[in-house]
Amino acid sequence: MDIKTQVYFTHREGSLFKTDLANQGSKRLAEHEFANGVNMTQSSDGRWISYLGVRAGGTRMQYWLLDRHANSNRLVYEQPSLGASSPSFSPDSKYLVIGVSAGLFLFDTATLKRTKLTLPVSIPVKEIMTLTRWSKDSTELLILVRSNLHNGHEVPFEFLSYRPASNSFEKLAAKYESNSGHSFIRNGREIPAFEDLVPRSSYAPKAESSRGGTWHAFVENKADSEPHVLKLRNRNGRIKTVASILGASCGRMLISGWLDEDHLVIRHGFNEFLVIEASSGNIAELPEELKASEKFTW
C-alpha cells in the first residue's frame, strides 16, 4: 500500500519511534527507560505530541514535547510522580497546560515560555487540585478547582475561566450531570468545551469520514447477537461492506481513523490493528514493531 503518512508510536519503556508504513521501516526518536508506561496526547494541528512517564528507578514524572515539524524533542517539566496529570493542548495548538502538585502551568508551544497560574480561589494553595478543559474557540481555559482534603466533609469546588490573551481570570458557575461530569456556566449558558485528542490507538468512534470527504466509514451492530459490520460509503452514496466480526467473540471492530483519503486503520479485537485500502478493499496488518507498541498516532 502506498501510504505516505508517518506514524509515531511508543513502547512501554518510553522508546519513541517514527515509522514509514510504505517501506515498513522505523526510526527511533527517543529512549527514556520509563518504568510505568507512557501517556500521550496530541495537538489539533498535528504538530505536537506531549507524553509523560517516570524513569526506571526514579520517582519523578517527566513531561516531554515532540515537535513533529522540526523533529525536536524537549523536556518541558519534571516533578514528583504523585499529583501528576495528563497535559492538554488548546484547540488552536498554541498552548499546553499541565496541572501538577506544584500548581497549574501554561506553556506556549512555539517558545516553551512557561506561565504559572495563580488561581484566585478561597481554597488554600496546599490543598488545591485542578481539572482543566479548553473552550472550543481556544479563547479560555476552564478550570475546576477543588480541595484534596476530605475529612468526612463536603469537598469544596470553585470554577474559573482564564484567558491567556489578557492574562485574566473570571469566576464561573457550574452544572453537574452524572453522565458527563461538570460543565462550566456563564450567564446561565454552558460554555462549549473542547475534548482532548487521544492517540489514534485509543480512538474508537463508530463512524468517521476521510478528511477530504471521499469516504465515510461506519460500524453497524443492530443487536448483541449479530456481527459488527464495517461499511464504507463513497461520495456518490454507494455502500460496500468491508468486514464483519461476531460480537459474541469478545472482539470488537472499531475505527481508529483515516491515514489519508484511501487508507483506514481499524481495531480488530482489543489490540490488533489492520489497514484497509478503501478503493481496492485490500487489508493489511501493521508492521510487527508497531503492532507491539503501547500507543500510536499520526
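1. Two strands are said to pair if DSSP finds at least two bridges between them. Strands (E, at least two residues) and helices (H or I, at least four) are DSSP runs, numbered from the N terminus.

2. The model is a predicted one, in which local features need pLDDT of at least 70 and side-chain atom pairs count only at pLDDT 80 or more, while totals for chains, interfaces and linings use all residues. Residues are numbered from 1 along each chain as its sequence is written, and side-chain values use heavy atoms, with hydrogens and water left out. The pLDDT is the predictor's confidence in each residue, from 0 to 100. For the protein chain its mean is 88, and 92% of the residues reach 70 or more. Among the elements of the chain, the lowest mean pLDDT, 80, belongs to strand β22 (residues 239–246), and the highest, 98, to strand β15 (residues 168–171).

3. Strand β5 (residues 48–54) has two antiparallel partners to consider. With strand β4 (residues 39–42) there are 4 bridges, and methionine 40 stands opposite tyrosine 51. With strand β6 (residues 60–67) there are 7 bridges. Both connections are hairpins: 5 residues separate β4 from β5, and glycine 46 in that turn has a positive phi of about 80°; 5 residues also lie between β5 and β6, where glycine 57 takes a positive phi near 80°.

4. Strand β5 is mostly covered, as 7 of its 7 residues are buried; buried means under 20% relative accessible area, exposed over 50%, and partly exposed in between (1.4 Å probe, protein chains only). In a regular strand the side chains alternate between the two faces of the sheet. Here Trp48, Ser50, Leu52 and Val54 point one way, Ile49, Tyr51 and Gly53 point the other way, and all are buried.

5. Arginine 68 belongs to the loop between β6 and β7 (72–80). Arginine 68 is buried but has no salt bridge, and the nearest side chain of opposite charge, aspartate 45, is 6.6 Å away. A salt bridge requires a side-chain nitrogen of Lys or Arg within 4 Å of a carboxyl oxygen of Asp or Glu; Lys and Arg count as positive, Asp and Glu as negative, and His and the chain ends are not counted. A polar atom of the arginine 68 side chain does lie 2.8 Å from the backbone oxygen of glycine 46. Beyond four places in sequence, arginine 68 touches residues including Tyr8, Gln42, Trp48 and Trp298, where contact means heavy atoms within 4.5 Å.

6. Serine 293 lies in the loop between α1 (288–291) and β27 (295–297). Because its relative accessibility is 15%, serine 293 counts as buried. A polar atom of its side chain is 2.7 Å from the backbone oxygen of leucine 290. Apart from neighbours within four places in sequence, serine 293 is in contact with Phe9, Thr10 and His11.

7. An open antiparallel sheet of 4 strands has the order β8-β9-β10-β11. Strands β8 (88–89) and β11 (114–117) stand at the edges with a single partner strand each, so one side of each has no neighbour in the sheet. Within this sheet, β9 (residues 95–100) and β10 (residues 103–108) are joined by 6 bridges, with leucine 96 opposite phenylalanine 107.

8. Strands β16 (residues 173–177) and β17 (residues 181–186) run antiparallel and share 5 bridges. A hairpin of 3 residues connects them, and tyrosine 176 has histidine 182 as its bridge partner.

Conventions:
A polar contact is a pair of N or O atoms within 3.5 Å; within protein, one must be able to donate a hydrogen and the other to accept it, and residues adjacent in sequence count only if both atoms are side-chain atoms.
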